[in-house]
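Welcome! Open your viewer and follow along, one selection at a time.

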Amino acid sequence: MANSILSQAQFHNEEAAYAFVEARIWPKGPVCPHCGGVERNSKMGGKSTRIGTYKCYACRKPFTVKIGTIFEKSHIPMNLWLQAIFLIASSKKGISSNQLHRTLGVTLKSAWFMSHRIREAMKDDGGPLGGTGKIVEADETFWGTETGKKKQAGGGHKMKVMALVERGGKVRSVRIHDMKLSTMREVMESNLHPETHLMTDEAWQYYQIGKQFAKHSTVNHTLKEYARGSVTTNTIESFFAIFKRGLIGTYHHVSSQHLERYSAEFDFRYNNRKSLGVEDAERAENLLRGVVGKRLTYAATAN
Ligand SMILES: [Zn+2]
């Protein structure tokens with residue numbers, strides 16, 4: 001019989017789904033989210049008790065593994081959450097809320113809510129990229145139109161994302177609102193190790209910022225000089241190509257309000273990519289580890 005990942009119990013049975021999530025969020029056993037207690041927690045049984053409910057006998061309060069995670073205050077069955085996580089983690093160009101709605105059989109509103117919360121869980125810890133002997137390519141890409149802006153020459157009305165990619169390592173993309181030196185400097189200072197060898201195009205801002213790093217090499221795009229020996233920005237350009245294909249092909253109308261979350265999604269998949277040895281199931285597990293502490297406040301009551 002074919003050994004399909006999707007035939008595993010956690011995708012079909014809610015109890016198995018809870019056990020799967022609990023094993024990853026509480027590797028040493030249940031932790032009471034109210035008082036932090038680890039010793040006097042008991043699983044509640046009985047027909048009237050919701051699946052996954054524990055009681056803490058230290059503070060006498062009930063809890064589930066959902067508290068303090070992206071699953072909090074959601075009535076969507078945990079096994080469907082795990083299906084959604086798997087689908088999003090394994091789809092290279094992303095998966096639209098509409099597709100999720102049809103595949104999972106949940107309402108469009110629930111699908112939208114789930115996919116945005118899952119994107120929250122894909123945000124990384126923010127440690128610096130680069131370092132001694134490491135090459136980081138930096139570049140920006142423009143997309144669509146900022147909410148409420150009129151067309152301007154020079155792309156001032158467009159949404160902008162700046163990305164930093166460490167060769168053979170991680171990417172980080174950051175939404176920026178303008179191309180001012182101070183804006184770009186801030187992004188690079190807070191995301192790059194100063195010992196990094198930086199590679200960029202010849203945008204004037206990079207000449208200024210480049211002085212703060214161990215080494216700075218540039219590629220002249222206007223002369224079609226995309227590669228001069230190892231000086232290229234090909235890595236970042238291929239990341240932007242996947243990012244834009246996803247935005248155009250899958251997410252047709254990304255509003256500027258949510259752009260940051262979509263870029264976190266593409267970063268996550270790139271940082272957990274196959275060429276680094278991360279397969280689909282492991283990528284979904286890595287995503288699941290990010291669910292803690294990422295609850296969205298603006299949509300907290302939806303479904
Ligand atoms: Zn407690």
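Start by finding the largest pocket, which holds about 470 Å³ of space. Here a pocket is an open set of points on a 1 Å grid over the protein atoms alone, where a 1.4 Å probe fits and protein lies on both sides within 12 Å along at least five of seven lines; lining residues have an atom within 4 Å of a point. The volume is the space filled by probe spheres set on the points, which are joined across faces, edges and corners.

To get to the centre of this pocket, select Met122, Lys123, Asp124, Asp125 and Asp267, the closest to it of the 24 lining residues. Next, colour β6 (171-176), α8 (259-271) and α9 (280-289), the elements that each give two or more residues to the lining. The biggest share comes from α8, with six residues. Helices (H or I, at least four residues) and strands (E, at least two) are DSSP runs, numbered from the N terminus. By type, the lining has seven nonpolar, eight polar and nine charged residues. In this count Ala, Val, Leu, Ile, Met, Phe, Trp, Tyr, Cys and Pro are nonpolar, Asp, Glu, Lys and Arg are charged, and the others, Gly among them, are polar.

A word on what you are viewing. This is a predicted model, in which local features need pLDDT of at least 70 and side-chain atom pairs count only at pLDDT 80 or more, while totals for chains, interfaces and linings use all residues. Residues are numbered from 1 along each chain as its sequence is written, and side-chain values use heavy atoms, with hydrogens and water left out.

Now select the zinc ion. Which residues coordinate it? They are Cys32, Cys35, Cys56 and Cys59, each through SG, at 2.3 to 2.4 Å (donors are N, O and S atoms within 2.8 Å of the metal, or 3.2 Å for Na, K and Ca). Along the sequence, the donor residues follow the spacing C-x2-C-x20-C-x2-C.

Finally, select Phe71 and Trp81, which touch the most other members of the 39-residue largest nonpolar core. Such a core is a set of buried Ala, Val, Leu, Ile, Met, Phe, Trp, Tyr and Cys residues joined through side-chain atoms within 4.5 Å, and buried means under 20% relative accessible area with a 1.4 Å probe, protein chains only. Of the elements in this core, α2 gives the most, with ten residues.

Note on methods
Buried means under 20% relative accessible area, exposed over 50%, partly exposed in between (1.4 Å probe, protein chains only).
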